[in-house]
Amino acid sequence: MATDIQARRLVRPTPRNFARSILLTLPIALWSLLMFFHPGANTDLASRLAGAITAIFMIAMFFTMMRTGTTYRWRRWFFVSVGLLFPIGFIHNVMVMRGSMGIPIEEMIAGRTPFCFMPIPLLILPAALTRTVVFPGSIVPGGGMSGHGIAEMVGLWLAITLVVGKGWCSYACFFGGIEEGMAAIPKRPKIRKLDPRWRYGPWAVLLAMVLLSLALFEPAYCNWLCPFKAVSEYVAARNTVGLIQNGIFIVLFGALVIVLPLLTKKRTQCSWFCPFGAFQSIFNKISIFEVKIDQTRCKPCVLCQNACPNLSLSKESVAKGEALMSCMKCGACVDVCPRQAVVWHIKGTEVAWKPERARLLFLYGAWAMAVMFGGSIIAQGISTILHYFA
Amino acid sequence: MKLRAKLGYTAAGLTVLAALLTPFLLMGMFAKGIVALRLHVDEMYSGGPKVRIFEHGAYSIAVHRAVYPHMLQTEKPFVQLDWSPVNALPAHVSDVVDIDGDGQPDIRVSFDVPKDPKAQLRVDVEPIDQVNQVSAKYQAMRNAGKEKYSRLIVRVDNSILVRVPLKKP
């Protein structure tokens with residue numbers, strides 16, 4: 001225990017000079033103002049106020065990252081806010097537009113099913129083989145609850161993926177924040193020993209769902225397994241099958257997003273189950289930013305492995321000096337390392353050569369995306385709450 | 001600095017640039033690329049393209065191309081018919097429809113049009129050939145609601161859609 005506390009004391013990098021931190025935050029401050037206050041951005045007082053609150057929040061979190069030299073904790077505030085506010089804004093929208101969280105069959109036929117990023121990997125094979133999108137949405141903008149089409153969501157996903165790779169799961173996913181928030185509640189995990197074979201879970205689910213979606217010509221994951229249907233929208237239970245589907249959503253949400261993160265302090269849905277996360281891991285291979293371990297400094301203490309919310313560090317990977325391809329670039333391992341052996345890295349450069357420069361470049365890209373996408377979700381959620389109380 | 005490192009920093013700089021261009025250019029460019037692939041939503045959801053339209057005075061009936069399930073899809077083949085506009089329909093509709101365009105009526109479709117747009121719809125479909133004791137191409141439906149994609153009556157915007165399941169050949 002003493003070593004643990006001592007190690008955590010060593011963690012904090014020297015705070016950056018206040019004026020320099022302000023200077024480094026300036027580009028993000030300007031970006032936030034552009035995103036939330038461009039002409040036509042907010043039409044009413046509640047939306048303007050929500051935009052202002054969100055901009056201040058995003059700028060403050062980035063400033064704190066610059067000032068303290070740490071990433072994870074501040075990113076988590078943002079990420080949990082997205083996770084909690086997304087259902088508020090979304091459910092409100094759904095209730096106003098159709099009066100229920102259940103999607104009636106006529107809305108699916110009309111192509112008005114909201115499209116999130118989760119089914120993207122499931123659509124690829126049917127689209128490649130038959131040019132058919134196996135989702136009851138609209139391809140061009142104008143369909144879907146929010147007016148965005150499938151093409152627009154896929155375009156947004158491609159752009160963000162190009163910038164952050166699997167960092168999507170830490171800076172853009174609007175579901176992961178719920179379980180990250182749950183995992184942050186307990187001081188210590190109740191369950192410490194986790195079988196490393198669970199890491200293959202998302203790949204197994206991905207393979208099964210891709211094949212099933214091709215065979216059944218339907219987004220099988222959305223219809224049967226997505227835990228987040230419990231807090232967004234679900235299949236309107238017209239019959240016994242619908243009831244079973246909704247039962248599965250609720251059980252998976254309760255187990256993987258609420259109970260297990262509380263017991264393990266890990267993002268269990270992401271680590272063990274999420275097929276989109278597994279798919280997104282592939283893009284870590286082309287991402288220019290990564291997390292490396294400087295083996296000249298590393299004295300294997302497993303602090304980084306314990307801190308990783310996604311089981312992306314193993315004894316073997318640490319020995320190799322790198323994180324596994326499932327790394328979400330959340331920064332937990334970098335922040336916790338007492339010897340600053342775990343570092344942000346740009347491919348092609350030497351490990352631990354100016355890691356702060358690599359961190360800055362990554363964070364500018366990732367935070368710009370976070371402000372644009374996650375920030376808009378936060379603003380919508382706050383705006384919904386303000387409308388409710390107004 | 002080594003060439004690899006220089007390339008690494010250049011790529012990192014381009015990544016930041018890509019982030020800045022995302023809302024103004026990149027996202028839209030990728031979206032246009034997806035649209036240019038000329039994909040279409042599965043006809044099990046969309047009902048397939050319209051092949052002919054019959055005018056019935058103030059309203060019209062659109063006949064869609066028959067939709068057949070892919071691989072292990074659990075639905076039956078069906079054909080979709082749209083009655084529109086809803087506000088021009090009488091309180092009770094009972095129309096014979098020539099689905100295949102051969103000049104002979106194929107089915108009689110009967111349903112009530114409630115004034116409340118959220119009211120449950122029910123439909124009866126009677127294959128005309130069945131009346132003549134000839135093997136019918138279309139399945140009969142009695143008091144059907146919205147059980148399956150291939151067997152339903154629903155109101156979508158200003159149309160009433162009826163999906164009639166086909167008999168297996």
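**Reading the two chains**

A: The model is predicted.

Q: Does Leu45(A) count as buried or exposed, and why?

A: The general idea is to count neighbouring C-beta atoms within 10 Å, and a residue with 12 or fewer is exposed. Leu45(A) has 12 C-beta neighbours inside 10 Å, so it counts as exposed.

Q: How far apart in sequence and in space are Leu45(A) and Leu386(A)?

A: The two residues are separated by 341 residues in sequence, whereas their C-alpha atoms lie 9.4 Å apart in space.

Q: How many helices and strands does chain B have, and in which pattern do they follow one another?

A: Chain B contains three helices and 11 strands. Along the sequence, their order is α-β-α-β-β-β-β-β-β-α-β-β-β-β. The radius of gyration of chain B is 24 Å, well over the 15 Å given by the globule rule for 169 residues, so chain B is more spread out than a compact globule.

Q: What box do the C-alpha atoms of chain B fill?

A: Along the principal axes, that box is roughly 85 × 40 × 30 Å. Of the 169 residues in chain B, 33% are buried.

Q: Which domains are assigned in chain B, and what distance separates their centres?

A: The assignment gives domain 1 (1-39) and domain 2 (43-165). The centres of domain 1 of chain B and domain 2 of chain B, taken over C-alpha atoms, are 48 Å apart.

Q: What share of the contacts in chain B between residues at least 6 apart in sequence joins residues at least 24 apart?

A: For chain B, that share is 42%.

Key:
Residues are numbered from 1 along each chain as its sequence is written. Chains are lettered from A and ligands numbered from 1 in the order in which they are written. This is a predicted model: local features need pLDDT of at least 70, side-chain atom pairs count only at pLDDT 80 or more; totals for chains, interfaces and linings use all residues. Helices (H or I, at least four residues) and strands (E, at least two) are DSSP runs, numbered from the N terminus. The radius of gyration is taken over C-alpha atoms; the globule rule is 2.2 Å times the number of residues to the power 0.38. A residue is buried if 20 or more other C-beta atoms lie within 10 Å of its own, exposed if 12 or fewer, and partly exposed in between; C-beta atoms are placed from the backbone. Two residues are in contact if their C-beta atoms, placed from the backbone, lie within 7 Å. Domain bounds come from an automatic or database domain assignment.
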